[in-house]
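Hi everyone, thanks for coming.

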Amino acid sequence: MDKSELNQARTNPDFLNYLEQTRVDALKTENISALYEVLDSFLILDLDEDKVNEVYEAILKISFSKVEEIVNSGKKLALKEEQLFYIRSFYEHAIEKWSYGDIEGAKQLFFVLYNILDDERLEDALKIHVIALAKGMDLDTFYEKKVDINNVLEDETHGYFIVNFNFAPKLFLKENASILEKEYENLKYLLD
């Protein structure tokens with residue numbers, strides 16, 4: 001969207017009414033995909049920050065609850081349907097913690113996430129995140145030094161996550177296996 005289209009959307013009463021009604025309905029029904037539609041629209045259009053926070057908090061609450069149900073049933077999360085949104089919210093929450101310098105909190109969330117996922121590419125990427133955090137790397141440095149920003153994702157599913165690196169992930173994981181093992185020993189209590 002260009003500036004003109006953004007301004008039109010911001011001032012279009014029909015669209016704003018639709019967005020508000022979707023927000024209210026999605027909060028009531030705990031529809032995570034609709035909540036993300038609202039959240040993304042509010043962020044792109046730079047709308048009411050209080051409503052953004054309300055929707056984001058609802059997403060986190062729903063996701064953490066649903067993830068707990070799924071994991072307690074002995075299953076792993078898949079990158080499809082509603083589970084994709086649960087994974088996305090977990091991931092975004094971890095990134096947010098990392099961006100605010102909460103290294104331990106971010107590391108714990110990434111660790112739990114890669115242990116409850118059924119997607120090798122994202123699991124490996126999250127392990128790389130944990131290794132970077134274990135080395136005390138801040139998010140900006142990680143992004144500048146480790147992420148391949150020129151590589152275009154061939155699938156939309158992984159588009160919410162940092163999965164492209166400027167090195168071979170499997171080799172990096174092999175070279176840093178001792179760090180990952182140490183982190184597993186320190187954090188495995190989170191899986192109980």
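Let's start with a definition: buried means under 20% relative accessible area, exposed means over 50%, and partly exposed is in between, with a 1.4 Å probe and protein chains only. This is a predicted model, where local features need pLDDT of at least 70, side-chain atom pairs count only at pLDDT 80 or more, and totals for chains, interfaces and linings use all residues. Residues are numbered from 1 along each chain as its sequence is written, and side-chain values use heavy atoms, with hydrogens and water left out.

Okay, Asp124. Asp124 is buried, at 10% relative accessible area. Who is its partner in a salt bridge? That's Lys170, with the closest N and O atoms 2.6 Å apart. By salt bridge I mean a side-chain nitrogen of Lys or Arg within 4 Å of a carboxyl oxygen of Asp or Glu. Asp124 sits in helix α7 (residues 120-134) and Lys170 in helix α9 (residues 169-175), so this pair ties together parts 46 residues apart in sequence. Helices here are DSSP runs (H or I, at least four residues), numbered from the N terminus. Lys170 itself is partly exposed, at 47%.

The whole structure has eleven salt bridges. Another one joins Glu185 and Lys188, at 2.9 Å from N to O. Glu185 is partly exposed at 47%, and Lys188 is too, at 36%. There's also a network: salt bridges with shared partners link Glu20, Arg23, Lys51 and Glu54.

And Lys97 pairs with Asp102 in a salt bridge, the closest N and O atoms being 3.6 Å apart.

Terms used:
Helices (H or I, at least four residues) and strands (E, at least two) are DSSP runs, numbered from the N terminus.
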